[in-house]
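Dear colleague,

Please find the structure below, handed over for your records. My findings follow it.

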Amino acid sequence: MLLTSYVFLYGFLPLFLGAYYLLPKAWRSWVIAAASYIFYGWWRPDFVLLMWVSTVVDYSCGKGIGRDRGRGDSGRRFVVLSCISNLGLLAYFKYANFGIESLNSILASMGQDSISWTAVVLPVGISFYTFQTLSYTIDVFRGDAEPASSFRDFACYVSMFPQLVAGPIVRYRSVEGQLRERTHTLQKSAIGVLIFHAGMAKKILLADTFAVAADAGFGASSLSTVEAWVAALSYTFQIYFDFSGYSDMAIGLGLLIGFQFPVNFNRPYISRSISEFWRRWHISLSSFLRDYLYVPLGGNRKGSVRTYVNLALTMLLGGLWHGAAWTFVAWGAYQGFWLILERLSGKRTLLGVLPGFAQNLVTFVLVIFGWVLFRAESMGDAMRIFGTMFGVSDGATAGLFAEWNLLQSITFVVGPLVVWKFRTTQEHAASPRAWWVATVFVLFLVSLLHLHRADNIPFLYFQF
Amino acid sequence: MDNLIQTPGGGLGGGSGSEGSMRSFTRTLATIVLVLSGLVLVGTAVVDCFFPKEIGRPVGQEARDIAEAKRNRRLRDGSLAKGFETRLRLRSRVRQSLAPYWSAVLLKTFNVVPSDLIAGKEGWLFLRDRVISLKSTRRKAVVFTGGSLAAIHRRLGIFGSELIIMPVPRKSVACASMLPDGLNPHPEFERDLVQELRARGLFTIDAEEAWEGLPPHDRYLRMDSHWANQGIKSLADAVAEIRPELVTGELELSLRERAIREPARLLSFAAIPSDHPVYRWVIGGESHSLSFKQKGADNAMKDPSSNHDVAIVGSSFTKNFSFARILAVRFGRPVYPGGLQATPFAGSLAGFATKFSGIPYPEYILYEFPTHQGIQLGAGNGSVRRSLGSFFSATSDAAIIPVPVELLRAANVAKKLGRGSKLAFASGVLLSTGDGVLQLRIRVAADAKSKWELRSTGPALAWTSGSGVEDVVIPIIQTEATGQPVRLVDLEGIGEGAVVEVEVVTDVDLSNAVELPLDDAGPNAYVSAAHRDLSGPNGAAVVQWEGRPQAIRIVIAGVDAEGNTKRIEAAFAKPQSQVALLSLTPLGLGSVDSIRIEGDMGSPKVSLASQLSNR
């Protein structure tokens with residue numbers, strides 16, 4: 001189910017909130033879990049089974065670690081089991097097609113027969129919930145979290161629909177207390193609604209408008225140099241407003257049911273280095289990769305060479321997490337390259353000698369190049385677009401500007417303003433001003449009108 | 001307030017704490033927003049749940065969504081849920097009431113339209129799929145349309161009718177100056193199409209020529225997909241000028257104009273239905289509806305049994321825009337109005353054939369079709385395949401004659417078919433110019449209805465055969481004269497015990513064919529240089545040979561009635577049968593100057609046969 005769909009906004013959400021607040025307090029976590037299963041299974045009921053498997057296995061692993069620890073054992077076998085089950089699910093559903101396709105192209109180049117294979121359908125959100133459950137067993141194993149005392153609370157944690165399919169990645173230890181006891185106040189709900197509205201406006205009014213030029217540009221067989229830049233820039237803004245919009249909606253919905261989810265974006269495009277960018281972009285993922293991959297690999301504790309290797313490996317896997325394609329691997333490698341270069345420069349930032357705005361500008365351009373890799377259908381397409389951006393063009397245009405409208409022009413003005421001049425939604429919501437409250441509500445109404453008229457464009461991060 | 005939510009750089013706070021950082025006014029405002037938001041969502045849900053509104057006439061994306069919802073209803077793959085969502089959304093009273101206002105604001109203020117449309121200059125609207133198409137589809141469309149119309153022309157010829165074709169150029173081509181700058185509708189498609197039809201000997205009136213000098217608003221309507229009255233009148237004038245024999249002046253007819261709101265059906269693609277109050281605000285312009293001043297003139301024209309000499313058959317362009325009336329006034333004679341709206345290419349011809357079943361066909365059949373229908377044919381659109389098949393199925397009482405089995409080497413077959421099975425004529429068996437001169441008489445004897453498709457290199461033709469024993473005569477339409485395979489496909493399976501008989505037939509009179517003398521023209525080459533005037537429009541050259549040559553090449557040179565030199569060529573590699581039929585339609589009522597045959601074929605024979613007639 002999409003958070004911006006008719007059935008969610010006018011059916012699921014009112015019914016869920018009604019049930020949540022009207023039923024006894026003790027049932028609330030069950031209400032969340034049950035509603036989440038409906039939400040998740042709405043389009044593919046069979047995929048709920050996967051989530052149940054993940055839930056049962058990791059709950060049992062957590063308990064097992066607790067029991068082992070009681071007996072003076074480390075509980076490592078349960079962590080291994082959890083890793084195998086979660087990463088196994090992820091490997092099969094997300095990477096099997098990619099693996100077989102890559103193998104077949106190698107076999108074909110050697111003149112061998114290809115392996116016949118029925119493509120596996122990727123369950124929405126599997127990357128997010130497997131990481132969440134994995135983080136739980138690892139935290140319990142490390143002693144950073146207590147084993148879940150209630151299956152109900154754990155099922156609620158794994159399935160929680162607001163952030164289920166596109167994050168933020170919520171760690172068990174950060175919501176452990178809230179799963180047991182959380183407060184519900186009118187003011188909390190009001191702020192939640194405002195954050196939800198702001199996120200929805202970002203998605204519907206900004207991201208979806210930027211998507212028009214991005215889709216046309218990346219889908220075109222030839223572009224002019226200006227078109228290539230406009231397409232890349234459009235996607236840069238689209239992915240930010242799409243993903244941060246979803247995160248806002250998730251955080252807002254969380255507040256409506258008493259939960260505080262972590263901040264996922266902190267104005268990433270104002271960064272003055274790629275390192276800073278990664279502290280501001282998809283924060284829940286970058287901190288997950290740091291805590292559960294980079295640090296266990298040795299982090300920066302085993303000498304400079306290992307640090308660079310660890311950084312590269314972390315970013316490569318981070319890229320691959322986003323999708324099973326060479327473009328994502330290249331994107332991860334590209335990010336890793338800049339992180340290593342910044343670290344090699346010996347300063348906090350490679351661009352330190354430049355004035356602040358220039359540092360921001362150069363970083364932003366580097367980020368745009370990264371998004372070209374991320375969005376392109378293939379490495380060949382990415383290289384073609386890079387070439388066009390640098391003036392290697394056959395002169396043919398995609399007609400990107402033929403249908404350019406005033407709304408797109410306005411969005412191209414408002415988008416950068418929101419990115420560079422406005423505080424984050426959470427900062428606004430923390431100390432809201434009347435004008436912001438009123439504006440957000442009007443934008444929500446406009447978004448609803450827009451949704452009534454237009455088709456629903458799924459969130460970009462649904463595919464990851 | 002800060003500890004209610006996490007802020008960047010801040011820690012994750014508990015769920016309770018001070019809430020005092022929000023000013024009381026803002027707190028009140030936020031609470032009002034919370035309540036209002038709830039009311040908006042719940043109110044919409046209640047209204048839509050208890051007072052849903054019927055879905056009007058869905059178009060564009062809505063129509064596709066509904067079709068998808070009807071097609072797939074599986075729980076497992078989510079299509080059931082998606083269908084439910086579609087129904088819920090489209091039946092929403094709130095949506096149907098409010099969305100048009102927002103759509104109108106977006107259109108008028110920002111020139112923003114849904115993806116089915118392209119917003120042009122000065123408020124002009126275009127359907128996207130009639131502007132942008134694939135090059136390969138357009139190329140196919142030209143050949144498929146030409147082949148289909150040539151076969152239709154042949155079929156109507158048997159009934160004594162002449163087909164006069166009027167392709168109406170797409171709005172994006174006729175009014176290209178109103179498209180956004182930089183969009184190329186590829187007008188060469190229309191030019192190529194007219195050229196292809198004329199090369200095939202089909203009489204074609206080019207609307208582009210008729211509209212020369214007319215401004216865009218006189219050609220097409222600004223917010224509609226159809227033409228403007230002045231464009232229709234100009235085309236009628238052009239027909240009268242090019243074919244003066246159509247003008248008899250036997251009737252004094254005149255038209256009355258009544259001012260109406262300018263048709264703007266494209267607004268429904270922009271979610272602004274014509275019955276919504278905002279519709280008037282968006283359109284503004286006015287047009288005129290036309291009716292006869294003479295009482296009863298319409299009724300007299302509409303009766304198929306009143307021995308019409310002229311019929312106009314066409315799409316909604318004809319049906320909804322008084323084209324028949326305008327032609328009748330211009331010709332001064334009754335014109336049977338055979339327009340059918342919402343039908344694909346050849347759909348109106350199928351409707352016409354059904355109405356005229358058992359009644360003599362008019363001498364002249366003017367066929368109007370918007371050229372985007374040709375593109376749909378090129379794209380392999382299923383409804384076009386069915387409408388083409390319906391036309392030939394409805395005219396299966398046309399005169400035909402079997403092609404001798406011995407020449408085809410037993411290619412005529414009768415077979416029991418299993419579920420989904422195919423019946424194929426291999427490459428090199430059915431040798432013709434692929435414009436319907438060679439046909440298949442297909443007899444299906446079955447207990448239930450069955451669905452069929454005849455496939456070759458041209459457009460596939462689909463039809464439904466009723467229960468019992470039913471015959472249809474379906475032409476073989478191919479993109480080139482190379483003897484490609486032909487397959488008869490049983491689309492759904494006709495069940496046990498059903499029998500299908502297929503016989504290869506032709507619409508030329510083989511029994512009265514006139515043999516032409518052939519002279520040797522070098523090794524494995526023969527020439528007939530006898531000049532022959534053609535007595536009818538759809539004759540054929542019949543070439544026969546012995547043995548099994550490796551390849552055969554046939555070239556017919558001649559001139560059409562206008563004196564233009566024409567060549568008809570065919571090349572068959574590894575022919576299996578011993579006869580080839582080459583349609584002489586491109587020569588019309590002109591003459592054959594020479595026929596050259598090349599191939600190791602013993603002593604070939606060539607003869608000319610005229611078309612059979614039902615009259």
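Helix 7 (residues 188–199) of chain B lies across strand 3 (162–168), strand 4 and strand 9 of chain B, and runs at about 170 degrees to strand 3 of chain B. Helices (H or I, at least four residues) and strands (E, at least two) are DSSP runs, numbered from the N terminus. Angles run from 0 to 180 degrees between N-to-C directions, with axes fitted to C-alpha atoms, for helices over the stretch in contact. Helix 15 (residues 347–355) of chain B also packs on the sheet, where it touches strand 7, strand 8 and strand 9 of chain B (contact: heavy atoms within 4.5 Å); its direction makes about 135 degrees with that of strand 7 of chain B.

This is a predicted model, in which local features need pLDDT of at least 70 and side-chain atom pairs count only at pLDDT 80 or more, while totals for chains, interfaces and linings use all residues. Residues are numbered from 1 along each chain as its sequence is written, chains are lettered from A and ligands numbered from 1 in the order in which they are written, and side-chain values use heavy atoms, leaving out hydrogens and water.

The open sheet of chain B has five strands in the order 4-3-9-7-8, with parallel pairing (strands pair if DSSP finds at least two bridges between them). Strand 4 (203–204) and strand 8 (336–339) of chain B stand at the edges with a single partner strand each, so one side of each has no neighbour in the sheet. Strand 7 (residues 310–314) and strand 9 (residues 364–370) of chain B are joined by four bridges, and B:I312 has B:L366 as its bridge partner in strand 9 of chain B.

Yours sincerely
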